[in-house]
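Welcome! Take a moment to look over the sequence and the model, and then we can walk through some features together.

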Amino acid sequence: MADILSLKESVLVYLDRSGGLQKLAEDCKTFNDPQQIEAVYRFCISVNPSDVIEVDPVLGDRVLHDPIGATALFQSVCFLAIKTLSLVEKIHTESQVNVILKLTHLPPFPEYTLDLCSFPRGYGPMRPVSMEGLVIAMTRVTKYTQGARFLCINDDCSCSTGFHYIRVHAPGATESATVRNNFTCMICSSPLKEDVKFRVLGDKQLVELIHVKALGVLCAHQQSSLRYQSVTLFLRDELCNSMRVGQLYRVLGIPAHVHQWPSITWSVEANSVQPWEPEYPHKVSASFQELLKATAGSPWRFSAIVAHCFGLDVAPPGTYNTLKLSLLLSLVQTRADAKDTYHNLDLLVVTTDTLILDRLMTYSLSLTCRGVRHQASGEMFASLSRDEHGAGTANIHAGSALLATGGICMLGDLGCYKKDKLDAIQSVLESCTVAVFIPGKKYGEDADQQLSFPVHCSFWALADASRRSGRADCTLLGTAEMGAVPVQLADAFGLVIQCRDTVGEQALLAQTIHTLQQAVQPGKPLYPSCWEFSTQDYHELVAHAQTLQVELSPGAEKIIHGYYMASRRVRTQSQGVKMSVASIKLLISLAEAHCKLCLRAQVKEEDAVIAVLLCENSVTLKHGASALVIPPDAVFPCDVGDVDGLHKRDKTLDELHQNILRFIYAYAPGADTYITEE
């Protein structure tokens, strides 16, 4: 008894020092409404384990290793404080005070960390642990019983009135454990009956959390025999809707065994939830730093060589350079910034050789932290099932796009999808949200419901040009055959790249020799004259470039704005094509991505030129050429395998830069105010 009193004194000291008593008094004010009479009154108390240990090590040990016992101590002290200070007159017994201890953190030791890959689970102590993972499914918010009042049916018994029998939810308890009809009075052994008007309801939500390594299986870059099992989290009251499907979180929770006869389920009662991002190494390798110094005299050469030497495991250098650069730009630009604003860069590739390009895109997918290759037989956005934990409500499972949040979702060949899927893809590309319809009758609700989820990923897709679509506008100068992809869907993608076979049999021969050499001599450098960059070098380059904060220079801003206004005017008058606001967002995104890939902090005019060339080529493939005449492969007009090729490319890009300025000066309204004729 003396030990218990000592611990209660320590609880009181901690509450006084941490401001807990003052918060308790403020929380009590909300319960003084005379119309509000409940069985239990819920109080959340923030507990810092480090501060508790400084006050009393024994109490700190109780908080970390016996949370139920620690809760009882805080409950007793809070009840005494409420009665002593007359904070809530309607509280008569200690059982009516429902205290929830909210831990601020746990000690950074392995004993307090739960690895979601570790097995077996459930044999350790039921104490708070920290875990990190990815949300792959969640239910709608439903109700559960926080607390209930029971009365003895024997009128002569003293327990037939008052608040002697109070049932409060405990971690791991089911609804039937809190409220059922077989309780008996401890005084007269008569049955107890619930006083329903005093029942207190709270919100409950179930979430499936899985280890982030599970995304490696979905990337399809390396086959793995590993299988990952998710953990069920119970979110209650203020924690409901604090997690989103496809996001990563760090959760403090208490493991519990949920008894649902004849089975026992291992789950976790969440105590606190915080967004979490794993730390990845993102320093630029010595090879790229050396290249950066060597190409310092040109604003275009670094990115050209990076693209030229990219993906040598799949394709020989010099092939598909524009696509390689575009893939790198999409990887660099796909991220969420400090203000939680999402940036993405969708990419549609038109080709007659889908096999090699599919391999190249799959290789590129391995460079992103969150990459998912969608399987045509799987769910792309979201699916529904019935919750298996007794609630019977709808459980919403994340599809490929939601699992790729903050990364890349690779769709593959769009010719494999039916029209309804293509329409759904177009809708998501345009709105960046996916709607999930939940039929109320099927999932135990009175009314149907439609929920919307943000889709924050970049989409990569292929269009097989060898499948003729019969488009009437394919006769326009510059347009490309896109197979089964309608022009509206191509517009929704934003950036469209056509991979042309510019050298005919020579390119086919180079690819054949490359593939055979890779098969016969795997791992051996095939191109000694090239700069040597490993996949890890590219991984670190992309990770570092994503973290760079860049800003538009006045010159770059003028080119982007001027090109948009001029192109909008020309194409509306000559082709009836409306250049939407999404076009200027695409231009800015491309310019910023090229600036980051070149490891700069300010977007130069040269970055804007690359953005304009890519965008103009993309619009031309969809709607035909305009007054701005540029070559089909304007970003890589020549081979860049040697110094002469790089010099020739710089000279050509300088000429195209001047052509863009002339185009802006001629067609953009008011261009003469910021661009001189010279």
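Is C595 buried or exposed? At 0% relative accessibility, C595 counts as buried, where buried means under 20% relative accessible area, exposed over 50%, and partly exposed in between (1.4 Å probe, protein chains only).

A word on the model before going further. This is a predicted model, in which local features need pLDDT of at least 70 and side-chain atom pairs count only at pLDDT 80 or more, while totals for chains, interfaces and linings use all residues. Residues are numbered from 1 along each chain as its sequence is written, and side-chain values use heavy atoms, with hydrogens and water left out.

**The whole protein**

Of the protein's 678 residues, 53% count as buried. There are 20 helices and 23 strands; these are DSSP runs numbered from the N terminus, helices being H or I with at least four residues and strands E with at least two. Take contacts (heavy atoms within 4.5 Å) between residues at least 6 apart in sequence: 72% of them join residues at least 24 apart.

**Cysteines**

The structure holds zero disulfides, a disulfide being a pair of cysteine sulfur atoms within 2.5 Å. For C595, the closest cysteine sulfur is in C598, 7.3 Å away and too far for a bond. For C159, the closest is in C157, at 4.3 Å, which is also too far for a bond. C159 is buried, with a relative accessible area of 4%.

**Salt bridges**

A search of the whole structure finds 16 salt bridges, each a side-chain nitrogen of Lys or Arg within 4 Å of a carboxyl oxygen of Asp or Glu. Here are some of them:

| Pair | Closest N and O atoms |
|---|---|
| E238 and K102 | 2.8 Å |
| R373 and D358 | 3.0 Å |

E238 and K102 form a salt bridge. E238 lies in the loop between β8 (231–236) and β9 (248–260) and K102 in strand β2 (residues 97–103), so the pair ties together parts that are 136 residues apart in sequence. E238 is partly exposed at 41% relative accessible area, whereas K102 is buried at 16%.

D423 and K419 sit four residues apart in helix α13 (residues 419–431), separated by about one helical turn. D423 is partly exposed at 37%, and K419 is exposed at 63%. Elsewhere, salt bridges that share partners join R42, K102, D237 and E238 into one network.
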